[in-house]
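Dear colleague,

Please find below the structure that I am handing over to you. My notes on what was found in it follow directly after.

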Amino acid sequence: MLARAGYGLGTAALGALLSAGARAANVFPNFTPRAKRVIFLFQSGGPSHLDLFDHKPAIREMFDKDIPPSVFGGQRVTGMVAHQDRFPICPTMYTFGQHGQSGQWLSSLLPHTAKVADEICVVRSMHTEAINHDPAITFIQTGSQLPGRPCLGSWVDYGLGSENQNLPAFVVLNSLPGNGQPDQGLLSRLWGAGFLPSRYQGVQFRSAGDAVLHLSNPPGVTRESRRAMLDGLASLNGRLHERVGDPEIETRIAQYEMAYRMQASVPDLVDTSKEPESVFKLYGEDARKPGTFAANCLLARRLAERNVRFIQLYHRGWDHHGGLTEKIPALARDTDQPAAGLILDLKQRGMLKDTLVIWGGEFGRTVYAQGTLKRDNYGRDHHGRVFSLWMAGGGVKAGHSHGSSDEFGFNVAEDGVHVHDLQATILHLLGVDHEKLTYPFQGRQFRLTDVSGHVVRGILA
Amino acid sequence: MKTITGVLLCALAAAGAARAAESGRLEYGRDVRPILSENCFHCHGQDAKKRMANLRLDTFEGAAAIRNGRAAVVPGKPEQSVLYQRITAAQPALRMPPAASNRHLTEAQAAMLKRWISEGAQYARHWAFSPAVRPAEPAVSDPRWAKQPFDAFVLKRLDAEGLRPSKPAAPGAWLRRASLDLTGLPPSPAQIDAFERDARKSGEAAYGAAVDRMLGRSAYGERMAMDWLDAARYADTHGFNNDAERSMWRWRDWVIEAFNSNMPYDRFLTEQLAGDLLPAPTLDQRIATGFGRNHVINSEGGIIDEEYRVEYVADRVRTLGMAWLGLTLECARCHDHKYDPITQRDHYRFYAFFNSVPEIGEDGRVSNAVPMIAAPTRQQQEKAAGLERAIAQLAAKIAGKEKRWVWKGRDVAARAGVPAGAALEVHCETTGEFEPANGLTLAEGIAGNACVTGGPGPGAQAPGKGFPVSRREPFTFSGWIQASAMDEDAPLLSAIDYARNPASTTYGGGMEFRLAGGELEFRFSQRFPAYSLRVRSEGARINPGEWRHVALVYTGAADKTAMRVHASWVRIFADGREIPVRVMNDGLALPEAKTDKPTPYRFRMGWENAPNGKRFAGRLDEVALWNRGLNGPEIEALFESRALPYALGRMRANVAAPGEQAWVRAASLAMTDAEFARDRAKLASLREEWLALRREAPFVMVMQELHPPRPTHVLMRGAYNAPGEQVTPGVPESILGTWPEGAPRNRLGLAAWLTKPDHPLTARVVVNRFWQQLFGLGLVKTSDNFGLQGEFPSHPEVLDWLARDFADSGWNVKALMKRLVLSATYRQDSAAGSALIARDPENRLLARGPRFRLPAELIRDQALEIAGLLTHRTGGPSVFPYQPQDLYKGIVVAADYPGTRYLPSTGGDLYRRSLYTYWKRTVPHPTMTVFDAPDREFCVVRRSTTNTPLQALTLLNDPIYVEAARKLAERALREGGSAPEGRLRHAFRLATGRAADAHETEVLLKTLDRMLAAYRADAPGARALLATGASPADPAMDPAELAAYAAVAGMILNMDEVITKG
């Protein structure tokens, strides 16, 4: 390709592209990785652990009773319930059952997840520090409640780089809920590079229009004429390089070639029309509709197949302050089958063992009701003191439950996993020591886990 | 597998080693301290709480102290120094730094420390904390090379390195470089030609004159503002997940004006930090303080107010540190600074300066957060001044007639009938009108009886099921009041629920009319005070004991597409005359038309339901409410219908107050004197025009001080709910210089301290940033950190010379910029051979001219300018150029309010300079971010410069660049003669500022041939390409030919040389 440009650029320059600016201090991975890539199915809004994962039989009989002060402790109450004069216990209206050989407890909202109960590791003792969406989501994605830090995907890209010359290492897929009612907004900082060079920011793949912004040639420009133009451009830039010597020019030439390759590789990647029927059975019919969580799960698998390092999905709509029972079934339906389908699909392709899949949100929800409490209709406020999420593949114990909450699902009872612990563990599974993955900024070595974080050994396979 | 760099550390060590060899003697700050700081101070530094083994190594006293008979550092004797023993210990358990710290000393670093101890282990004060002094001019190899005094220091360094400066850039190349740096726009070929002629003729003088021309263009202020907007974290939305719109563009325009008028930097600083505290501050000076409010503001429902208010104050400290001081003050928020001599207490003493703003943690749901002011534009101010002059003239004429008027006992009557159709009338004749009538008594009113609120306990309520109001529909309130001396702040009609917990998101919803400081205040609220409309009259002057007619008209949403309530929908009247208002908050959301149902409001008569709520102690009478907006004459008729009979009665009884006599006088003159009536009508229309103009004024958030100030405590671990020791405003004087004598202990004093001519940091930090703007990297590469972990300057003497000169010149920014671009250092050719690039890849030694990719804004602005598309208009609200459709979809919140929809501009606003592009923090414009623009969530003084495939895709395919290429092609065809070669060479020169060489010309021609062949065979393709963008294609041109030229022009615009300043 480049030969045609009339200016020779060795493959060395192309290779240098992806490690541009690299000089040695730390070498990653630090040890043999268990996972080569991550698919993070982020559930924005705060899914209710009490209605999905955390089985609390003891409070079944405590409907509308006050939560004991000893349990309530120093709970920071949000402004949304600050006017409530009492905090009545709200047992879930959904039934729970044990599934698989492992006997994982899951609610009736998650029938498909139940089928992969033996593949997943449910962490039932997650906890976070924030009580509102923006800081909580920023915390779990960047390790800090305040903006400005690189996100998990950026850190991973920075540390491990890409194994695919034609695609970005860090891809972001946003999904719209099936009911079309996202509540909380997302922020591009969630996939931003913070103080890392901005090339480490996630590349958003869009479901409408170009999958990658400005991927397509403008109307009237064919692939052939684009090639001719790029040949001319490479020649002009090559000439310039001969004259002024700046190595940035070589990088630029290479990046135009990468762009040209992406114009072919990305449409091929997002075209799921040739997937067999069996795949749509697995992920559900929604997977045919671009922009749904199901379609994005399928895309995530295709990205993983192409060795994209970090695939970040966002699903929104879990912020159920009121009318939870009217809203949560749709959200569960959006995500249950596709997420379970993804696990099965990865497994059947032999990829689950080195692909880490994570399903979870920024916090859980309160055991006490927000607003009017009925047995079959209630709302729950944000709750960070304990919540649940699950992980699968990539070196995590299958069919395992880790940690637990107290009998109210309010506080951690045992083996609490702090957000920084989760982050340390994700990096560990990728073969990265979270204390060694640092970047100098403002005179200090920063890291994802700030000054804390412990690898959760108990979930490692 | 991939490797990562510890860039800073390696670079420092390498630079240090090279310099040490050069000078023959170690310099602590440059060679030694970075090693100690990076590896030792974390545990053996100034943070007493984290200090291990009670050993500190950051002071000579600490390091040399005898402990157990031994000392960490024994000057001159490294082998006896425990420090050296431990860093070279063979046993891992003894070795420092410990393995667990992830810190590691190289052999070269250990050798450096050994040498330092051998040389006497001298410590030195951190260079950046001592005032800059003008260094003596050095002896250099070629004194004639220098064009500015500081050039000599650059040459001295090159001499020491055995390097020669590069030859000067060609005049045209310099002109392009300087134009892009000073105006952000390239010079035209005609300007280059003229300059080259000038340079041949008058040499050096031509350069100076060219710079003066650039500095005189308004584009200069726009270019200079760009970097400051990053530092000042300017944006058009609030940030956080709701990310609604804010209006701060008046502040942005202030910055542009400040640079263009060459405001001295000390004033630039003072007005932004403390313009409101200057004596009799001007509107501009108050607008300038918007700097302190540019931080992100969170409106997420249910957050804890104090938690976020604390964040805002902390952000101001962080920004103070990074933008003005070049210090990482925020590192001392939770504990003492690990590296710099800044304690946590110091941090909170800075914090105390910014802690007394009357602001709210949760605010900014649909528009600006409090406090804010109306900030009319220059044009509006001028128009208003003209109207005010005309009003004053006419008012004087009218007053003259009124003065001469004598009452002859004649009757006067209202000129119009009372408007009919009131939804609710309360005449206050009997207590039976009220439901309930708790505590209510009757007294003499303006007409018959009036009511008087009693207490304690819940009082009387207006009758009926309530007055139905929707936020989109108009309504009118009118009534008579006679205030008592106790009514400094009293509810008149209150339907706001103040009974809930103020922390609740449902606190304070409703509607209310109050009397506040003799003015009428209207509150229309969803959650008080943040999410409310709050408007207060300015000039009603309601004095105790006087009967006054007050009215309020809410016009509702005339425009169905309105996305929030606007304060401009509210008009307040006193005695039938509209009074100007001050908008205290304009934060009320507007439900969508289909869901906006009327809410019934039941008014409490003269009392509010807050615990220990206030009561109106005066009299209320003749209250009426309409479900429509009454016009001015109707309000006047309402007033006169009661005022005139009452005043006449009082005049006849000889007890009329002067105000009451005036009512009769005005009505009487209007009846009898036709000229008076005409003048009065004219005056009313002038006032109407003036009031309308006021309503159009944009708002800006500003700084304000609470009286008394809010007490400040050290916050333990930085947490809002863990106050510790109380502190007063102050600065670390022993480190950074003494407080100026007599300066007030507020932001104004802080500004005076920062702008002391001998302040060690202020001038250095900004001079370094201007250097960075021109040279790509600062003399101190860590332009955000001049602290102990910051990089030692590559050329300390250059920095100090410039800083000293800048402060001594009266902080003259244009003079500084002129010096920089005229310097021999700047004027070097930027080309370099591979040996020099290998030796000095970042050009730290300055042996060549600067060469780096343009910032995002300039790439776009330049393309528009080259294409002839750029709209040259300075200032104004932000604009919405092309953006991919649905970019916000899937990211922004579901609710619909200003900031959640991107409604593209039309016409010239599509082609404004990029600093006017709407800056939405959570979804910044991709044409900006792809070229490394930050999201502006916090202060940034250094952008990264990356080189990515997404940038290539943007320049190739983003409609704005496709359109620019097409318009450039039109220029080539129109201006480049009739031969393809001339046309292409013209386009090339427009874009690069230089002539294409033979090879380049050949590539252009060859590509054109291929494109011509392609488009001649593909007429629809040609038409499609020409249809991209809103500007029409020249219909006189052959579409195939134009499309082919557009393709080649696109290639030119994508050249590395074009998007690079070289």
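Chain B contains 34 helices and 25 strands; helices (H or I, at least four residues) and strands (E, at least two) are DSSP runs, numbered from the N terminus. Please note that this is a predicted model, in which local features need pLDDT of at least 70 and side-chain atom pairs count only at pLDDT 80 or more, while totals for chains, interfaces and linings use all residues. Residues are numbered from 1 along each chain as its sequence is written, and chains are lettered from A and ligands numbered from 1 in the order in which they are written.

Taken along the principal axes, the C-alpha atoms of chain B fill a box of roughly 105 × 90 × 55 Å. Of the 1062 residues in chain B, 55% are buried (20 or more other C-beta atoms lie within 10 Å of the residue's own, with C-beta atoms placed from the backbone).

For example, A495(B) has M511(B) in strand 11 as its bridge partner.

The domain assignment of chain B gives domain 1 (7-124), domain 2 (376-405 + 657-696), domain 3 (418-521 + 534-646) and domain 4 (957-1061); such bounds come from an automatic or database domain assignment. The C-alpha centres of domain 2 and domain 3 of chain B are 26 Å apart. Nine residues of domain 2 of chain B are in contact with seven residues of domain 3 of chain B, where contact requires C-beta atoms, placed from the backbone, to lie within 7 Å. On the domain 2 side, helix 19 (658-672) and helix 20 (674-696) of chain B are the elements that give two or more residues.

Finally, which chain does chain B touch, and how many residues of each take part? The contact is with chain A, and takes 94 residues from chain B and 82 residues from chain A. Elements giving two or more residues to the chain B side include strand 1 (2-4), helix 1 (7-23) and helix 34 (1039-1053) of chain B.

Yours sincerely

Conventions:
Buried ≥ 20, exposed ≤ 12 C-beta atoms within 10 Å, placed from the backbone. Pairing = 2+ DSSP bridges. Contact = placed C-beta atoms within 7 Å.
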